[in-house]
Amino acid sequence: MPQNQSVPQHIAIILDGNGRWAKAKGLPRNTGHVQGAKNVETICETAYKMGVQYLTVYAFSTENWSRPQDEVDALMKLLRNYMKTCIKTAEKNNMCVKIIGDKNRLDQDIQDSIAALEEASKGNTGLHFTIAINYGGRDEIRRAVQKISSEVAAGELQVEDITEKTVAEHLDTGDYPDPDLMIRTCGELRISNFLLWQLAYSELYVTEVPWPDFDKAELEKAIDAYHHRVRRFGGLKEE
């Protein structure tokens with residue numbers, strides 16, 4: 001990547017292909033998830049060194065509960081361990097961590113670990129790292145509508161005053177800018193209920209590389225592709 005080439009302010013990534021990576025190597029699917037979790041820390045450090053300010057990853061969707069129970073249990077165990085070790089990682093890398101999604105379905109100890117991580121890292125001024133857990137774009141919008149409806153019912157907000165900005169502010173990502181670039185690994189050509197509102201004008205990049213093998217070189221390819229897009233708004237080229 002050229003030294004004078006700016007990077008997107010906010011990158012979102014769908015972490016796909018952990019299971020297929022493991023299967024290709026004759027390993028259990030859960031081994032792929034463990035390797036994928038390790039790669040998250042690597043890409044966080046790489047992205048921040050490249051100048052990315054916000055990084056959002058799709059770790060566990062609302063639909064993932066339908067996977068085989070042993071795989072779900074393994075993912076929850078991995079999540080428990082990651083939430084604890086991430087406090088040290090966040091401190092080491094000056095990283096501010098935020099979890100989005102409906103946390104209510106998660107076990108109480110995981111909710112407590114999330115709260116501890118967010119509290120411990122909230123004052124950090126480096127990369128703003130967001131993890132989507134038990135997250136679905138439609139569910140997020142539903143929850144935002146419920147919050148807005150409650151404010152209208154309480155007389156705190158008038159219906160005629162509801163704008164796109166109002167909706168955006170009530171989403172889980174309300175205080176963050178929308179992604180400039182969304183990357184999906186392992187070749188699937190869909191956004192899978194990820195950041196449905198926020199991705200409205202994001203550039204999309206898909207690579208065949210599975211998430212555990214996604215490295216600095218692959219991130220640079222994605223950013224280079226982003227810079228070769230002709231971005232148009234209302235039919236006019238962005239200058």
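Reader: Which residue of strand 4 stands opposite Phe60?

Author: Ile133 does. Keep in mind that this is a predicted model.

Reader: What makes strand 1 and strand 2 a pair?

Author: The count of bridges again. Strand 1, residues 10-14, has five bridges to strand 2. At least two are needed, so they pair. The sense is parallel. Ile14 stands opposite Tyr58 in strand 2.

Reader: Why is strand 2 called largely enclosed by the rest of the structure?

Author: Because seven of its eight residues are buried. Strand 4 is described likewise: seven of its eight residues are buried, so the rest of the structure largely encloses strand 4.

Reader: What makes Ser61 count as buried?

Author: Buried means under 20% relative accessible area. Ser61 has 9%, so it is buried. Ser61 lies in strand 2, which covers residues 54-61.

Reader: Which residues does Ser61 touch, not counting those up to four places away in sequence?

Author: Asn134 and Tyr135. Asn134 is in strand 4, residues 128-135.

Reader: Is Asn134 buried or exposed?

Author: Buried. Its relative accessible area is 3%, and the cut-off is under 20%.

Reader: What is the phi of Asn134?

Author: About 45 degrees, a positive value, although Asn134 is not a glycine. Most residues other than glycine have a negative phi.

Reader: Which value of phi does Ser192 have?

Author: About 50 degrees, also positive, and Ser192 is not a glycine either. Ser192 sits in the loop between strand 5 (181-184) and strand 6 (203-206).

Reader: Why is Ser192 called partly exposed?

Author: Its relative accessible area is 27%. Buried means under 20% and exposed means over 50%. The value 27% falls in between, so Ser192 is partly exposed.

Reader: How many helices and strands are there in the chain?

Author: Seven helices and eight strands.

Reader: What makes the chain as compact as a globular protein of that length?

Author: Its radius of gyration is 18 Å. The globule rule gives 18 Å for 239 residues. The two values are close, so the chain is as compact as a globular protein of that length. Along its principal axes the C-alpha trace spans about 60 × 50 × 35 Å.

Reader: How many of the 239 residues are buried, as a percentage?

Author: Buried residues make up 49%. The accessible surface of the chain comes to about 12,600 Å². Carbon and sulfur atoms account for 50% of that surface.

Reader: What percentage of contacts between residues at least 6 apart in sequence join residues at least 24 apart?

Author: In this chain, 76% of them do.

Reader: How many positive and negative charges does the chain have?

Author: There are 29 positive and 36 negative charges. Their mean positions are 6 Å apart.

Terms used
Residues are numbered from 1 along each chain as its sequence is written. This is a predicted model: local features need pLDDT of at least 70, side-chain atom pairs count only at pLDDT 80 or more; totals for chains, interfaces and linings use all residues. Side-chain values use heavy atoms; hydrogens and water are left out. Helices (H or I, at least four residues) and strands (E, at least two) are DSSP runs, numbered from the N terminus. The radius of gyration is taken over C-alpha atoms; the globule rule is 2.2 Å times the number of residues to the power 0.38. Buried means under 20% relative accessible area, exposed over 50%, partly exposed in between (1.4 Å probe, protein chains only). Contact means heavy atoms within 4.5 Å. Accessible areas come from the Shrake-Rupley method with a 1.4 Å probe; for residues, only the protein chains shown count as cover. Lys and Arg count as positive and Asp and Glu as negative; His and the chain ends are not counted. The place of a charge is taken as NZ of Lys, CZ of Arg, CG of Asp or CD of Glu.
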